[in-house]
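Dear colleague,

Here is the structure I am handing over to you. My notes on its aromatic rings follow below.

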Amino acid sequence: MQVTFKSLEVPQEGTAVVVLFENGVLTPGATSLDEKTKGFLARALITSGFKGKKGQCLSVMAPCHTSFERIIVLGLGSLDDCNERVATESGSALAVELLKMNCSHVTLLLEGVVVPGLKNHELGCHLAAGLLLRSYRFTKYKTNLKDEENHQIKALTILIDFPEKGDLLFHKHAAAIKGVFLARNLMCEPPNVLTPKAMMEELVALKKLGVKVDVLDTAEMKKLGMNALLAVAQGSANPPYLVVMEWQGGNSNDAPLAFVGKGVTFDTGGISIKPAAKMDEMKMDMGGAAAVAGLMMSLAGRKAKVNVVGVVGLVENMPDGNAARPGDIVTSLSGKTIEILNTDAEGRLVLADALWYTQNRFHPELMVDLATLTGAVVVALGTKYAAAIGTAQQAIDKMKQTGETIGEHIWQLPIDERYDKDINSKLADVKNTGAHGAGTITAAHFLKRFTNDVPWIHLDIAGVAWSDEVHPLSGSYPSGFGVRLLDQFITKHYEMSV
Ligand code: BES
Ligand code: MN
Ligand code: ZN
């Protein structure tokens, strides 16, 4: 989709979109089209009982006295409540309407629209961002697309007061959205295609954008002693990789922020095998690593002024004669021994070594891990909030705030030594499952033991990364959760201003 910001010249073809708030007062764009159509638009609004609720759309076909094919009125809810999230989600609702109606050329008339909390160009950018985010589709493996699957918004022209400001801001949104789409694409790829090696190669391709990428293979990980990660991989015919991505946009001596992702390209559960129903969905078990990759793409795409490292452990968890057994004890990179009681609690084994490696090599200011780690988080929070657990309280507070602004919500669960006891092992230093509920929290406590007390946040994204429930900004299936959240979190709190 081509997005262009302009002012003054109104194209006269395709679909015109105007916005309306619940107060019913015509916005300047609506007024001009109402005048042009000699009162037709205002009559259509009254006849249809249009209320201007957030995301509500009214389409009128073949309006008279204009060469537009149709006019769509988009509701933005109450004027006083209009903020970044409302605008973004309304843009998404508009995308659904435009795609349904097969509108390929669209003009959004926003000049002169004044909102208390948003500048005119910000309103335009957030609407466009929502529109793009919701237009995503993954059709690579369909050889015979149905008509409606072929619908595409080709060109979006946004009329705002200061187009150059729109261009400048939207450049950043566009970079983040590219990152989101990378994450979603990776999650949609089937597990026979997206093996750890294939995913590693996709990440190596980020070099084109100026990201430094290092790859550790099995031999190198063996040498270092990453036996927790390797234990997960040993049942698979597809070898594991640890991929280290670095973006150096800040001062060379500033400690980086580190993002660590669980990249299990397929999780059968291993010997503790999962039931057959919906096992296919475990191809999304690399969603944390995909989000880290998307974030790196965004930072590089918009040349963020910050130092960031992304580390992902890519493995496949399979049952096999060589697979790890329940009862195995392995020595992790940290030197701590782990008793593997359940081979399906594999994500934390991968992260144990990835986290230790990351803090030891980079001494980050803050370490954030993203993982589709537990089914328990789906029980606790469903598909609307990711769980955040960690030791960096101020950063958690800031991240929560950012999440509310951009529409990727996180909810904090406690860190508490009483839960930590639950993962003490009789035979080793730690065991990989607890026995007294709170599965999301005990998993986080397991990870905490491998952070070496570096300020840290764990995001359990198992519920939000992939869902058949419709999410406003992503529809159903992969959301790319984490890319925009962390991109904005970095922009607001860590990037140097010029
Ligand atoms: N990848 C799963 C968690 C998951 C569940 C992700 C549902 C997405 C949707 C993880 O590896 C897992 O299997 N966790 C186990 C841990 C248990 C064995 C302690 C779980 O949550 O059941
Ligand atoms: Mn598992
Ligand atoms: Zn898993």
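Tyrosine 141 has a relative accessibility of 44% in this predicted model, and because buried means under 20% and exposed over 50%, tyrosine 141 counts as partly exposed. Phenylalanine 138 falls into that class too, so it is listed as partly exposed, at 23% relative accessibility.

Aromatic pairs come next. The structure holds 7 of them. One of these is formed by phenylalanine 138 and tyrosine 141. Their ring centres are 6.0 Å apart and their planes make an angle of 45 degrees, and the pair is classed as tilted.

Another aromatic pair joins tyrosine 385 and tryptophan 411. This one is edge-to-face, with 80 degrees between the planes and 5.4 Å from centre to centre. It links distant parts of the chain, as the two residues are 26 residues apart. Tyrosine 385 belongs to strand β14, which covers residues 385–390, while tryptophan 411 belongs to strand β15, residues 409–412. Tyrosine 385 has a relative accessible area of 30% and is partly exposed. Tryptophan 411, with 41%, is partly exposed as well.

There are also lysines placed over rings. Lysine 165 has its charged end over the ring of phenylalanine 162, at 4.8 Å from the ring centre. Over the face of phenylalanine 450 lies lysine 336, and here the distance to the ring centre is 5.7 Å.

Regards

Methods:
Residues numbered from 1 in each chain as written. Chains lettered and ligands numbered in written order. Predicted model: local features only at pLDDT ≥ 70, side-chain atom pairs only at ≥ 80, totals over all residues. Heavy atoms only, no water. Phe/Tyr/Trp six-rings, centres within 6.5 Å; stacked < 30°, edge-to-face > 60°. Buried < 20%, exposed > 50% of the residue type's maximum accessible area, 1.4 Å probe, protein only. Helix = DSSP H or I, 4+ residues; strand = E, 2+ residues; numbered from the N terminus. Lys NZ or Arg CZ within 6 Å of the ring centre and 35° of its normal.
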